[in-house]
Amino acid sequence: MRRQRNVKIVATLGPASETYETIRALHETGADVFRLNMSHGSHEEIAEKHAIIRRVEQDLDSPICILADLQGPKLRVGVFANGSEELVPGEKFRMDLDEAEGDVSRVCLPHPVIFQALEAGAHLLVNDGKIKLVVDSCGEDFAECTVEIGGTISNRKGVNVPDVELPLAALSDKDRKDLEFVCNLGVDWLALSFVQRAKDVFEARGLADGRAAVLSKIEKPLAVDNFGEILDASDGIMVARGDLGVELPVSAVPPIQKRLVRSCRAAAKPVIVATQMLESMIESPMPTRAEVSDVATAIYEGADAVMLSAESAAGSYPIEAVQTMDNVATEVEADPTYTQIIAASRSAKGSSIADGIVAAAREIAEKTDIKAICCFTQSGTTALLTARERPGVPIIALTSMEGTARRLALSWGCNCVMTPGQERFKGAVVSAARAARAGGFAAETDQIVVTAGVPFNVPGTTNILRVAPCDERLIYSTDPE
């Protein structure tokens, strides 16, 4: 299914979008990737959604990417005798390990690792940062705090600890069980929450064992500090601006987003910009102008994908939200300024033969009348390198590996086509020409660029580039075997 844009759209599934009819409509409207949020729903419910997506994929003959988002450790306060209390700025408030019900002066925080890591002057943020406490003194089982920003605190509200490194693994026991379940189910990507350092990613990669690619969510200040090593260890990145905006000043998030997106592009790894992109469309069929501008900014920056969360999972207008993102992306990518920004932010990186091949393919395509770049790829690396170039013509990623086609559906500009394994270069060129014509990318009188690796079916061997006609008669009469 050909899109009239290059950036991809990720739609989260939930109560508002769990039927075959809705999931199919979301994909036909523009959703390229479906996110399964492991924080909600039983394994049986997740398996049902997965089966529906694969049925839609088969019915529409269109590779669909499935992203399973692991919950990560959840830090929450206990319960209050009255259900909630009002905290007043300047007053004292204690958090401790006592399981007794809380009151206006204290509450249980059942996470010993937090107290072990805290120090005087550190901050505790409650309920997405709406309440802010500063630690006056602390021990192994308590923290005496002063309320800096007050408000209503109630049962089991989340707690963020922005100032210290918590000795918590990114994977909880629940996450490990969920990871094994979704990998056996056949998801394409795993999103890893609470990443603080590269070793968090290595654990997930070891457990996945190649069954799914690993995408790290950047939602902690420490993850921003350690981003280089996290990027190296990951297959992709999600800029999770919701939690970043809680633990960091909101004014710091836009430049961080821009830096992370550019770093991911330079590394040829897909990056998703996520959270609160069209938040008002949970309840309204129309977004705010600021939200539209936010989506557009992520696209201008060169993000591979933009994501809908509650808008498509629990909102009243999931189809309209996807349509809005599709419309914004189409409009932005038609803007000459977009082309200028993308070209100006292109950074030469890598000195391998494959790097040179994809750079040459983009140059040729943009300076001559080429309709598409067709790249044969087994592992997906060649397609990712081609996407890094952000060429001005469509990318057709041809592969015999179903998992590769699905994973690449997350990457900028990749139109994924399943094709039989190739043995000879002439046959590969013919397959590329047929795919370009069948997808409406080129006519018989047009030309395409074909990149491949010889010998075929060996990952990492991209070493050949051919400008080829789409007329098969000309291919057979001119191309070598």
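Predicted model: local features only at pLDDT ≥ 70, side-chain atom pairs only at ≥ 80, totals over all residues.
Local features require pLDDT of at least 70 and side-chain atom pairs pLDDT 80 or more, whereas totals for chains, interfaces and linings use all residues. Residues are numbered from 1 along each chain as its sequence is written, and side-chain values use heavy atoms, with hydrogens and water left out.

Figure 1. A search of the whole structure finds 1 cavity of 30 Å³ or more, and the largest cavity has a volume of about 50 Å³. A cavity is a set of points on a 1 Å grid over the protein atoms alone where a 1.4 Å probe fits but cannot get out; lining residues have an atom within 4 Å of a point. Grid points are joined across faces, edges and corners, and the volume is the space filled by probe spheres set on the points. The lining consists of Cys264, Arg265, Ala268, Lys269, Pro270, Asp304, Leu384, Ala387, Arg388 and Arg390. Helix H9 (253-266) and helix H15 (381-388) are the elements that each give two or more residues to this lining, and H15 gives the most, with 3 residues. Helices (H or I, at least four residues) and strands (E, at least two) are DSSP runs, numbered from the N terminus.

Figure 2. Ile282 lies in the loop between strand S15 (271-274) and helix H10 (289-301). Its relative accessible area is 21%, so Ile282 is partly exposed; with a 1.4 Å probe and protein chains only, buried means under 20%, exposed over 50%, and partly exposed in between. Neighbours within four places in sequence aside, Ile282 is in contact (heavy atoms within 4.5 Å) with Ala310, Glu311, Gly315 and Ser316.

**Figure 3. The buried residues of helix H1.** Helix H1 spans residues 20-29, and its buried residues are Tyr20, Thr22, Ile23, Leu26, His27 and Thr29. These buried residues pack against strand S2 (33-37), helix H2 (43-60) and helix H12 (318-333).

Figure 4. The structure holds 0 disulfides, a disulfide being a pair of cysteine sulfur atoms within 2.5 Å. For Cys65, the nearest cysteine sulfur is that of Cys416, 9.0 Å away. Cys65 counts as buried because its relative accessibility is 0%. For Cys145, the nearest cysteine sulfur belongs to Cys138 and is 8.5 Å away. Cys145 is likewise buried, with a relative accessible area of 1%.

Terms used
1 Å grid on protein atoms, 1.4 Å probe; cavity = no way out; pocket = protein on both sides within 12 Å on 5 of 7 lines; lining within 4 Å.
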